[in-house]
Amino acid sequence: MRVWIDADACPRAARDLVVKFALKRKFEVLLVAGQPQVRPAFACVRLIVVPSGPDAADDYLVEHALPGDLVICSDVPLADRLVKRGVAALDPRGREFDERNMGERLAVRNLFTDLREQGQVGGGQAAYGDRDRQAFANALDRLLNALARKAP
């Protein structure tokens, strides 16, 4: 099993938590980014820097992640593409993306995009805090266990 991280948008605390789980459970972590990043100095972690461009990291993740892998991402359209390919996806705040909730998640994302473009709402998500980190840790543990049970 591999855990992929959309590293350009993932909070450091969530990324560090994935690495901690990887060291304990012995799986590979692949950080995919559109720009150079600091890679944690562990053999189980690899950094893949893709050529810059719109959706280059997303396209790489969709092309290379396989069913049985997990991708950590905040990008709802990316998660939709992954879920359609049978790849598990989780956001850094502990919300799982799956076939049952993708339609709703895309609709909400599109609504807020439209409202922001019209100037009716501003800002983004709240700062990443302890509650988000704990929800992510719980969801990550649950998903890793489920994926391990499915592995051949």
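Analyst: Lys26 sits in the loop that joins α1 (12–25) to β2 (28–33). This is a predicted model.

User: Is Lys26 buried or exposed?

Analyst: The cut-off for exposed is over 50% relative accessible area. Lys26 has a relative accessibility of 70%, so it counts as exposed.

User: What is the phi of Lys26?

Analyst: Most residues other than glycine have a negative phi. Lys26 is not a glycine, yet its phi is positive, at about 65°.

User: Which elements does the protein chain contain, and in what order do they run?

Analyst: The protein chain has five helices and six strands. From the N terminus on, the order is β-α-β-β-α-β-α-β-β-α-α.

User: What is the radius of gyration of the protein chain, and how does it stand against the globule rule?

Analyst: For 152 residues the globule rule gives 15 Å. The value for the protein chain is close to that, so the chain is as compact as a globular protein of that length. Its radius of gyration is 15 Å.

User: What share of the contacts in the protein chain with a separation of 6 or more comes from residues 24 or more positions apart?

Analyst: Contact here means heavy atoms within 4.5 Å. Among contacts with a separation of 6 or more, residues 24 or more positions apart account for 52%.

User: Which residues of helix α2 are buried, and what arc do they cover?

Analyst: Helix α2 spans residues 56–64, and Ala57, Asp58, Leu61 and Val62 are buried there. They lie on the same side of α2, because the arc they cover around the axis is only 135°.

User: Is Val29 buried or exposed?

Analyst: Val29 is found in strand β2. Buried means under 20% relative accessible area. With a relative accessible area of 0%, Val29 is buried.

User: Which residues does Val29 touch, not counting residues up to four places away in sequence?

Analyst: Sequence neighbours up to four places away are left out of this list. What remains in contact with Val29 is Val3, Ile5, Val18, Ala22, Cys44, Val45 and Arg46.

Methods:
Residues numbered from 1 in each chain as written. Predicted model: local features only at pLDDT ≥ 70, side-chain atom pairs only at ≥ 80, totals over all residues. Heavy atoms only, no water. Helix = DSSP H or I, 4+ residues; strand = E, 2+ residues; numbered from the N terminus. Rg over C-alpha atoms; globule rule 2.2 N^0.38 Å. Buried < 20%, exposed > 50% of the residue type's maximum accessible area, 1.4 Å probe, protein only. Arc of directions from axis to C-beta.
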